[in-house]
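Notes follow in the order I took them.

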Amino acid sequence: MNLKFCILFSFFVRNVIARGGYRSTSLSSAADLGFENESYAGSGRHLIEENQSHHPRTDIARGYMTNSELERAVKEFGRRCSHISRIYSIGESVRGFPLWVIEISDKPGQEEPEPAFKFIGNVHGDEPVGRELLLLLANWICDNYKRDPLVDLIVDKVHLHILPSMNPDGFSFRRRGNANKVDLNRDFPDQFFPWNNNEDARQPETKAIMSWLREMRFTASASLHGGALVANYPWDASLDKRKNYYACPDDGTFRFLASIYSKSHYNMSLSKEFEGGITNGAAWYPVYGGMQDWNYIYGGCFELTLEISDNKWPNAKELPTIWEYNKMSMLNLVASLVKTGVHGRVFSSDSGRPLPGLITIKGINYTVKTSGTLADYHRLLVPGERYEVMATVPGYKSKATHIWLEKEEATNVDFILDPEVSSDGTLLRSIYDCGRKSRLLSIGYFWGTHFEVYLVLIVVLAFLCFLLTRRIKSNLLKQRSPPKRSVLTV
């Protein structure tokens, strides 16, 4: 009996540590959240961290890049592959280390009507496999551009952003949390429990991610973790705090995306613990304040949490094998943004300009925003089904259309919306038109509505101006001409 209990206990702790453990604060502790038996997981994580701090393993990172080496590798990549990349930072860690990002695209840094994908590695400091794999991914794409059709598709049709390390300080300390010992995957706003909704109180790494998503619109993303082998999707938690399947509005789409990764992996889909190598987060174990759900709710971004190695910190000699096991999964997941789903732009019928607006799918309680400048949208959906897609812009008549989404083939639908007309016949202006001068817009709308009348008025005014100009010139000539002299005849 005791042996069975110990085996079950160790199995439970191992799985919780993969994504989990809870911050030791009064607000986010397992007891305060009302979880049953979660003290086992919390105390297990606590003991592990204590053991690591008292007995540091100086050889655990041998063969892994240090933070300085990672920084040099990122900058060297930028120099070597400058034709398809740019390097930028989204902020700094607690200790001031830059959070470097690699953007890969045929037009890096330029806004295009294309979807964007982001990879984030090393969210937890003691899970460094992701940071190594992401550098390998970037270099593999660079080396195979114009040689591999899948790589060409990604570079030419997607803007791929790679953040190798979100938690460089945690990596330095060889521990899960950041320099302030905070688990960054519990530091985001939560839809069920608003204990951490004060943005000023969040960690700098968390705030950097949040600011990044305000500045840039991502269609999908994935964070890389270690400690298990599974593709995890929302929701990561539930309102009743129990370990049950809790589906988000796009549950089918998330299962599809997670399966792309799992089935492309060497052996993830063969898992005996997770059917098909995928899992709903809440069904595995609840996570509150996680980055995955926040991306979907507040960032409009479909994010997966990818557990890519059973061992959190495997021997560096295993990295080439782990890379080969995950390479096609990573590439296929990014390519899915343009291989499936419905994509397009929204325009105004009266001026032809792009209209920032909203895209909805009938029967799915989730809204996708178009971009602000180009008004492009990229809506991920399960292929092989029929959908009703609607575009909505304030001040314009909404339009909907039915599509059949083929497998392995995306659908393009552009919407051209007509301005709404009020009861008195004037056009209703969109709140999004305020980017231009309101006076010019009003003239433009009025001109479009009363073109014939104003054309006649302009002709009449032009003729009157012509007559007035001639008269003025005539008077000026009379004033400037010398006076006639009288000639006396004797």
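I call a residue buried when its relative accessible area is under 20%, and exposed when that area is over 50%. C142 has 10%, so I put it down as buried. The model is a predicted one.

**Overall.** I looked up the secondary structure and found 14 helices and 16 strands. The protein has 490 residues, and 51% of them count as buried. I took the accessible surface as about 24,600 Å², with 55% of it belonging to carbon and sulfur atoms. For contacts between residues at least 6 apart in sequence, I noted that 72% join residues at least 24 apart.

**Disulfide.** I found one disulfide in the structure. It is formed by C81 and C142, with the sulfur atoms 1.9 Å apart. The two cysteines are 61 residues apart and link distant parts of the chain: C81 is in the loop between helix 4 (67–80) and strand 1 (85–92), and C142 is in helix 5 (residues 129–144). The torsion about the S-S bond is about -100 degrees, so I logged the disulfide as left-handed. C81 is buried, at 0% relative accessible area.

**Annotated site.** Which residue does UniProt list for "active site"? The unreviewed entry gives E307. I placed E307 in strand 8 (residues 302–309). Its relative accessible area is 0%, so E307 is buried. A polar atom of the E307 side chain lies 3.4 Å from the backbone nitrogen of G226.

How values were computed:
Residues numbered from 1 in each chain as written. Predicted model: local features only at pLDDT ≥ 70, side-chain atom pairs only at ≥ 80, totals over all residues. Heavy atoms only, no water. Helix = DSSP H or I, 4+ residues; strand = E, 2+ residues; numbered from the N terminus. Buried < 20%, exposed > 50% of the residue type's maximum accessible area, 1.4 Å probe, protein only. Contact = heavy atoms within 4.5 Å. Areas by Shrake-Rupley, 256 points an atom, 1.4 Å probe, with all protein chains shown as cover. UniProt positions renumbered as here; feature names shortened; annotations may be inferred. Polar contact = N/O pair within 3.5 Å; in protein donor to acceptor, adjacent residues only side chain to side chain. Disulfide = S-S within 2.5 Å.
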